[in-house]
Amino acid sequence: MTTANAIGRLLAGPTDLSIDAVDRDGNANLVHAAERAGVRRFVFVSAAGGEGMARSAPFAAAKHATEELLRSSSLPAVIVRAEMFQEVLAGRLGGFDAEAGRAQIFGRGRTPHRYVAVDDVAALTAHLAVAPDPPAVVEVGGPEAGMALHGDTEEFATTDAPLREAGIEPRPVSAYVRSEVSRLVPARGAGG
């Protein structure tokens with residue numbers, strides 16, 4: 001299983017790596033190594049949106065390149081096309097700053113996307129790694145919709161059904177936001 005990517009570190013500021021080096025070349029190295037080792041199933045966490053996103057964002061293009069490499073390899077693979085992670089896009093890196101009481105919505109905010117929890121996708125990939133006959137591609141999102149940078153241009157057809165079918169109760173983005181805000185309430189009360 002892999003979801004190796006550079007985006008979290010890049011959004012946090014470090015410049016010692018690139019999307020191409022990690023998301024394209026790094027994943028290609030993993031695919032080739034798994035093929036040589038005779039891995040019985042390769043579960044790859046990609047990005048929702050397919051071709052449309054691959055044309056508009058380097059991160060999605062690198063993920064799409066790995067999908068293509070997996071399709072041309074001899075590896076039995078499962079591609080998990082996950083919606084945007086709520087911990088990134090509904091967190092400080094995505095413009096939500098609970099401490100400052102500020103939230104930023106990129107674009108016009110007219111096309112909602114179903115943010116998904118990182119832990120939910122991790123549990124799903126673990127399930128798919130050992131499932132008897134998993135599908136080749138799984139499109140997954142969370143139980144609620146939010147808005148994001150590509151929200152005005154790309155509409156994804158994801159649902160939380162793959163999570164629920166795997167026995168995973170998906171975490172709504174509203175629960176994540178509430179937990180981030182409630183984490184600050186005691187801190188604000190303590191100072192004054």
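Modeller: A nonpolar core is a set of buried Ala, Val, Leu, Ile, Met, Phe, Trp, Tyr and Cys residues joined through side-chain atoms within 4.5 Å, where buried means under 20% relative accessible area with a 1.4 Å probe, protein chains only. This is a predicted model, in which local features need pLDDT of at least 70 and side-chain atom pairs count only at pLDDT 80 or more, while totals for chains, interfaces and linings use all residues. Residues are numbered from 1 along each chain as its sequence is written, and side-chain values use heavy atoms, leaving out hydrogens and water.

Colleague: Which residues have the most contacts inside the largest nonpolar core?

Modeller: They are V78, V80, A82, L124, L128, V140 and L163, in a core of 14 residues. Two or more residues come from each of β1 (42–47), β2 (77–82), α6 and β5 (137–140). A second, separate core has seven residues, including A34, L70, L75 and I79.

Colleague: With which residues is L128 in contact, leaving aside its neighbours within four places in sequence?

Modeller: Contact means heavy atoms within 4.5 Å. L128 touches R41, V43, V78, V80, P134 and V138 in this way. Across the chain, among contacts between residues at least 6 apart in sequence, 75% join residues at least 24 apart.

Colleague: How many helices and strands does the chain have?

Modeller: Helices (H or I, at least four residues) and strands (E, at least two) are DSSP runs. The protein chain has eight helices and five strands, and 41% of its 192 residues count as buried.

Note on methods
Buried < 20%, exposed > 50% of the residue type's maximum accessible area, 1.4 Å probe, protein only.
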